[in-house]
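Trainee: Could you walk me through reading a few local features in a model?
Mentor: Gladly, let's take them in turn.

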Amino acid sequence: MDKDIKQYWTSVVKGIGEFQQIAEAENPEFNELTGCLTRLLNDSFVKDATEYGVKRWESILNIIPNPGETLDDRKVKILGLLNMTLPYTYKMLDGVVASILDEYTMYIREYTLTLDTVFKSDNEYRDINSLFEQVVPKNLMINIIRRDKE
């Protein structure tokens, strides 16, 4: 993502030798600053967060990651906590699940809430199961159907 600061200069300044040397000295610093700002912006959003950003979110939410959890597993846990608001409604839960899983089917029949999806990892499955146990009313049974990747 290296950019050349000279692209922002007028044609008069571009031809001056001293300015060429200034550009060579300043370009690495501007590119480093651009990278830092991009990472800072990405760390503000859980799905785009780097390792540093995930650690910050975990610190804010008092989450202790389990050994062996991937960065994506940890992001799922963070999103689950951020999106968990009570009182519970089906629409709210559907929004939370949609922010965590890419493709799924969720429905309620005969006092049973069913989630049918492919999980990326065992940790993602455990985190969704834990989330459901916390937010789903006790008068509903939870049925999570775990499909294999096709």
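This is a predicted model: local features need pLDDT of at least 70, side-chain atom pairs count only at pLDDT 80 or more; totals for chains, interfaces and linings use all residues.

Mentor: Residues are numbered from 1 along each chain as its sequence is written, and side-chain values use heavy atoms, leaving out hydrogens and water.

Trainee: How many salt bridges does the rule give?
Mentor: A salt bridge is a side-chain nitrogen of Lys or Arg within 4 Å of a carboxyl oxygen of Asp or Glu. By that rule the count is seven. One of them joins the side chains of Arg74 and Glu51 at 2.9 Å, N to O. Arg74 sits in helix 4 and Glu51 in helix 3, 23 residues apart; helices are DSSP runs of H or I, at least four residues, and strands are runs of E, at least two, numbered from the N terminus. Glu51, Glu58 and Arg74 form one network through shared partners.

Trainee: Is Arg74 buried or exposed?
Mentor: Buried means under 20% relative accessible area, exposed over 50%, and partly exposed in between (1.4 Å probe, protein chains only). Arg74 is buried at 9%, whereas Glu51 is partly exposed at 34%.

Trainee: Which value does phi of Tyr111 take?
Mentor: Phi of Tyr111 is near 60°, positive in a residue other than glycine. Tyr111 lies in the loop between strand 1 and strand 2 and is exposed, at 62%. Asn62 also has a positive phi, near 55°, and is found in the loop between helix 3 and helix 4.
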